[in-house]
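This text is a guided reading for someone meeting the structure for the first time. Keep the sequence and the 3D view at hand while reading.

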Amino acid sequence: MKIDHIGIATRQLDEGLAVWRDALGLTVDATEEISEQGVRVAMLAIGDTHVELLEALSPDSAVGRFLAKRGPGIHHIAIKVDDINASLADLKNKGARLIDETPRVGAGGCLVAFVHPSTTNGVLLELVQHR
Ligand code: CO
């Protein structure tokens with residue numbers, strides 16, 4: 001397993017890009033709007049993983065609610081898995097509370113599913129299967 005990316009909630013992507021791209025010098029691999037999840041994302045490569053900057057498309061999206069409650073900061077950690085359905089079934093068997101019982105399409109066309117932070121040490125966990 002590997003860390004696929006670390007998701008960071010920003011009020012505006014430009015605020016995050018000012019740090020991660022302009023000050024730190026990372027390269028933006030892709031910028032994308034995922035309307036189903038109510039976010040715009042920018043993926044920046046760092047080593048063999050990525051930083052995923054998130055901007056809410058509306059205040060009532062998941063990231064919008066996170067920002068209202070906690071402000072900008074680390075939103076989730078994403079782990080790369082080979083078989084997302086098997087990982088979800090396994091986690092469920094072991095008592096994890098799944099936000100997504102079945103995977104959906106996320107950034108870069110990957111299959112993604114979220115696990116609720118209440119059963120993962122307070123960390124929102126995203127599983128990612130690349131296609
Ligand atoms: Co993510």
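The paragraphs below go through the sheet, a helix, the metal site, the nonpolar cores and some loop residues.

The model is predicted, so local features need a pLDDT of at least 70 and side-chain atom pairs count only at pLDDT 80 or more, while totals for chains, interfaces and linings use all residues. Residues are numbered from 1 along each chain as its sequence is written, and side-chain values use heavy atoms, with hydrogens and water left out.

Begin with the sheet. Helices (H or I, at least four residues) and strands (E, at least two) are DSSP runs, numbered from the N terminus. Eight strands form an open sheet in the order S2-S3-S4-S1-S5-S8-S7-S6, and their pairing is mixed. Two strands pair if DSSP finds at least two bridges between them. At the edges are S2 and strand S6 (104-105), each of which pairs on one side only. Strands of a sheet pair through backbone hydrogen bonds, either parallel or antiparallel.

Strand S1 (residues 2-10) shows both senses. With S4, S1 pairs in the parallel sense over six bridges. Across to S4, His 5 has His 50 as its bridge partner, and Ile 6 stands opposite Val 51. S1 and strand S5 (residues 73-80) run antiparallel and are joined by seven bridges. In S5, His 76 stands opposite Gly 7.

Which strands does helix H1 pack against? The buried residues of H1 pack against S1, S2, S3 and S4. In helix H1 (residues 13-23), the buried residues are Leu 13, Gly 16 and Leu 17; buried means under 20% relative accessible area, exposed over 50%, and partly exposed in between (1.4 Å probe, protein chains only). Seen down the axis of H1, these buried residues fall within an arc of 100 degrees, so they line one face of the helix. The arc is that of the directions from the helix axis to the C-beta atoms. An α-helix has 3.6 residues a turn, so residues three or four places apart point the same way. After H1 comes Gly 25, with a positive phi near 85 degrees.

Next is the metal site. A cobalt ion is coordinated by His 5 (NE2), Glu 52 (OE), His 76 (NE2) and Glu 126 (OE), at 2.0 to 2.2 Å. Donors are N, O and S atoms within 2.8 Å of the metal (3.2 Å for Na, K and Ca); water is not among the atoms, so sites may look incomplete. The angles among the four donor atoms are 84 to 170 degrees, and the site is irregular. Four donors count as tetrahedral if all angles lie between 85 and 135 degrees; four count as square planar and six as octahedral if opposite donors are over 155 degrees apart and all others between 65 and 115; anything else is irregular. The donor residues are spaced H-x46-E-x23-H-x49-E in sequence. Glu 52 in strand S4 (residues 49-56) and Glu 126 in strand S8 are 74 residues apart, and this pair links distant parts of the chain. Both Glu 52 and Glu 126 are buried.

The nonpolar cores come next. A nonpolar core is a set of buried Ala, Val, Leu, Ile, Met, Phe, Trp, Tyr and Cys residues joined through side-chain atoms within 4.5 Å. The largest has eleven residues, including Ile 79, Leu 88, Leu 98, Leu 111 and Leu 127. Helix H3 (84-93), strand S7 (111-115) and strand S8 (125-129) each supply at least two residues of this core, and the largest share, three residues, comes from S7. A second, separate core has ten residues, among them Ala 9, Ile 34, Val 39 and Val 63.

Some loop residues remain. Asp 100 lies in the loop between H3 and S6 and counts as buried at 9% relative accessibility. Leaving aside neighbours within four places in sequence, Asp 100 is in contact (heavy atoms within 4.5 Å) with Leu 88, Ala 113 and Phe 114. The C-alpha atoms of Asp 100 and Ala 113 are separated by 5.3 Å, although the two are 13 residues apart along the chain.

Asn 121 is not a glycine, yet has a positive phi of about 55 degrees.
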